[in-house]
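Could you walk me through this model in my viewer, one selection at a time? I would like to know what to pick next and what is there.

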Amino acid sequence: MDHGKDLKIIGINSNMCLNINLFLFLEWEDPASQLAWLVNELLAAETDGKKVHILSHVPPGGTDCLGSWGREFSKIINRFEGTVMAQFYGHTHNDELVVFYDSQNSSRAVGMGFIAPSVTTYTGLNPAYRIYTVDSGYEEASHRVLESET
């Protein structure tokens, strides 16, 4: 979904990477060709000079997301680090972050995923939500998250 002339918001179904998804045994890297679709969307955004926010449910890199899917997703984030300005996730019920690192230089971060806390009650956790402040609203805005408040 285009949001203004310079930002695109892309939603992906990361439930496809859940380690309890038995269909992953049939096609473990990219079930339903969703990652291939994401690459095409990011290429189009890059060509058009747009920045992208990715919305999803299961954050890659954790124990709930199959490692092979997460690895392939991380390669995409590496390739499009200048296009993907923010990623937003849920699922864990915790207020946390996931950092994506350069595949050639593991000390250099190339992206960050913000994992929002849950508004539902969950064992040992209080309901919460997060508000993000994003650099936007003017020409040449970066669309990066400047700060957040829980």
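Which residue forms a salt bridge with Glu46? Select Glu46 and Arg79: they form that salt bridge, with the closest N and O atoms 2.9 Å apart. Keep in mind as you go that this is a predicted model. The pair links distant parts of the chain, since Glu46 sits in helix α1 and Arg79 in helix α2, 33 residues apart. Glu46 counts as partly exposed at 34% relative accessibility, and Arg79 does too, at 45%.

Now show both helices, α1 (residues 34-47) and α2 (residues 67-79). Their axes come within 11 Å and cross at roughly 5 degrees, so α1 and α2 are roughly parallel to each other. Among the residues making the contact are Leu38, Leu42 and Glu46 of α1, and Phe73, Ile76 and Arg79 of α2. By class, this contact has eight nonpolar, one polar and three charged residues.

Next, colour the largest nonpolar core, which has 23 residues. Leu38, Leu42, Ile54 and Phe73 have the most contacts inside it. Zoom in on Phe73: leaving aside residues up to four places away in sequence, its contacts include Ile12, Leu35, Pro60 and Phe100.

Lys75 is partly exposed at 48% relative accessible area, whereas Glu72 is buried at 17%.

Last stop: Asp95 and Arg130, a salt bridge with its closest N and O atoms 1.7 Å apart. Asp95 is in the loop between β4 and β5, and Arg130 in the loop between β6 and β7.

Definitions and conventions. Residues numbered from 1 in each chain as written. Predicted model: local features only at pLDDT ≥ 70, side-chain atom pairs only at ≥ 80, totals over all residues. Heavy atoms only, no water. Axes fitted to C-alpha atoms, helices over the stretch in contact; angles between N-to-C directions. Helix = DSSP H or I, 4+ residues; strand = E, 2+ residues; numbered from the N terminus. Parallel < 35°, antiparallel > 145°, perpendicular 65-115°, else oblique. Contact = heavy atoms within 4.5 Å. Nonpolar A, V, L, I, M, F, W, Y, C, P; charged D, E, K, R; others polar. Core = buried A, V, L, I, M, F, W, Y, C linked by side-chain atoms within 4.5 Å. Buried < 20%, exposed > 50% of the residue type's maximum accessible area, 1.4 Å probe, protein only. Salt bridge = Lys/Arg side-chain N within 4 Å of Asp/Glu carboxyl O.
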